Amino acid sequence: MCSSDLAPQPLSRLFPDLKPALVSQVEFAQDKLNLRAFRTNDGWLLTAPLAYPALATPIETLATAVSEIRWRTKIPEATWQSQPGGLTNYGLNPPRAVLRVYPGPDRIELRLGSRTAIGNEIYLRIGESPTIHLVDAALLGALPKTVTEWRSPALLDLTGVAFNRVGIRVGPRTLELDRNPTNQTWRLTAPPPAKRADGPRFLQLLQHLQRCPVKEFVTDDPQADLDAFGLLNPESELAFWSGTNRTVAIQFGKSPTNDASLVFARRSSHTNIVTVPREWIDPMRAPNWEFAEHHLLDPLPPAGIDVIEVQGDDRFSLRRVTNDTWRVVEPLNFAADAAIVGDIFQSLARVEAVELAKEIVTDFAPFGLAPPQLRYSLFTTLTN
């Protein structure tokens, strides 16, 4: 190759009209590494070598790197065809790697060759173009090196997932929570009896699990022996439902023989098996009682209550009247102290269970509740 054949050119962008934000698909192939990712409304999704949530950052970084490619020199077809070996001399027959980006309906195919002798540039061919460009080798730093490099390291991502029921199973213990569509509060529906759930604690658990990192992508083999990972009969499971449709499910198996701090995990929508730190899923193992609401009453604004009946050593009733003032109406009739009535509401809202004495009770007498020593009844009307 004669130096006179490589006519210096001013540095120019190879794709001056390419806008990274409009790239909707990226494909990369090198040796046995084949990756394909699509942009979705919520981010990026891998479709090859398997369907899997993708990391946006490395893919968008690569799209940006392509848009910023600048070429210094062009080698015309007549030059490389006149040389023995032709494209092979430049690592382009076959190319060392092929990168395709799709800005909208268009496609840009880059065939990447070998580095130049100095090493700071690579030979590049655009599709079947007869021209070879010399471009900055910095592009290579944005290319994926492994099959997992574009995969999301999150075990669970509920972005865009519709669900109104969650099931947790740890060994023989099961727990189900249902969301009320009206007020969006959560209720423990299994095991019986049904009870109010500690909504903030449960939502904190979901946020925690969505931060749980995948430690290692173990295998993508759909024929992998699940029993070897403790996933044929999983030790625990987490499932999300929308009505009767299961939208997401994760199974947890045993630990690797050389690391008890990890457990094998598998999302039912994917064929691959991963490991995750055990400490991240330990909160799922908390007793059912820990997920129950321990306050005996939800916060009750006085404006939502019309009548209070109190039965203890004395029995009396209070009724809310105009301007949110209160009167004692039984057994006597007189204006009630507003501060004392406010204290009643605050005190009731603060009453919190510290221990579960018994889950299902048929005889309340041993607990002093048949009859109770003190009873508060709150009504929005006299019959509710």
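**Close-up views of a predicted model**

**View 1. The side chain of Glu 27 makes a polar contact with the side chain of Tyr 102, at 3.3 Å.** A polar contact is a pair of N or O atoms within 3.5 Å, where, within protein, one must be able to donate a hydrogen and the other to accept it, and residues adjacent in sequence count only if both atoms are side-chain atoms. The side chain of Gln 25 is likewise joined to the side chain of Glu 27 by a polar contact, at 2.5 Å. This is a predicted model, in which local features need pLDDT of at least 70 and side-chain atom pairs count only at pLDDT 80 or more, while totals for chains, interfaces and linings use all residues. Residues are numbered from 1 along each chain as its sequence is written, and side-chain values use heavy atoms, with hydrogens and water left out.

**View 2. Glu 27 lies in strand 2, which covers residues 23-30.** Helices (H or I, at least four residues) and strands (E, at least two) are DSSP runs, numbered from the N terminus. With a relative accessible area of 13%, Glu 27 is buried, a term that stands for under 20% relative accessible area, whereas exposed stands for over 50% and partly exposed for values in between (1.4 Å probe, protein chains only). When residues up to four places away in sequence are not counted, Glu 27 touches Leu 35, Arg 36, Val 98, Leu 99, Arg 100 and Tyr 102, contact being defined as heavy atoms within 4.5 Å.

**View 3. Leu 206 is placed in helix 3, residues 199-210.** Leu 206 is buried, because its relative accessible area is 4%. Apart from neighbours within four places in sequence, Leu 206 is in contact with Phe 163 and Phe 240. Between Leu 206 and Met 284, which are 78 residues apart in sequence, the C-alpha to C-alpha separation is 9.6 Å.

**View 4. The setting of these sites is a protein with 5 helices and 24 strands.** Along the principal axes, the C-alpha atoms fill a box of roughly 115 × 55 × 35 Å. The radius of gyration of the protein is 33 Å, whereas a compact globule of 384 residues would have one near 21 Å; the radius is taken over C-alpha atoms, and the globule rule is 2.2 Å times the number of residues to the power 0.38. Of the 384 residues, 39% are buried, and among contacts with a separation of 6 or more, 55% are between residues 24 or more positions apart.
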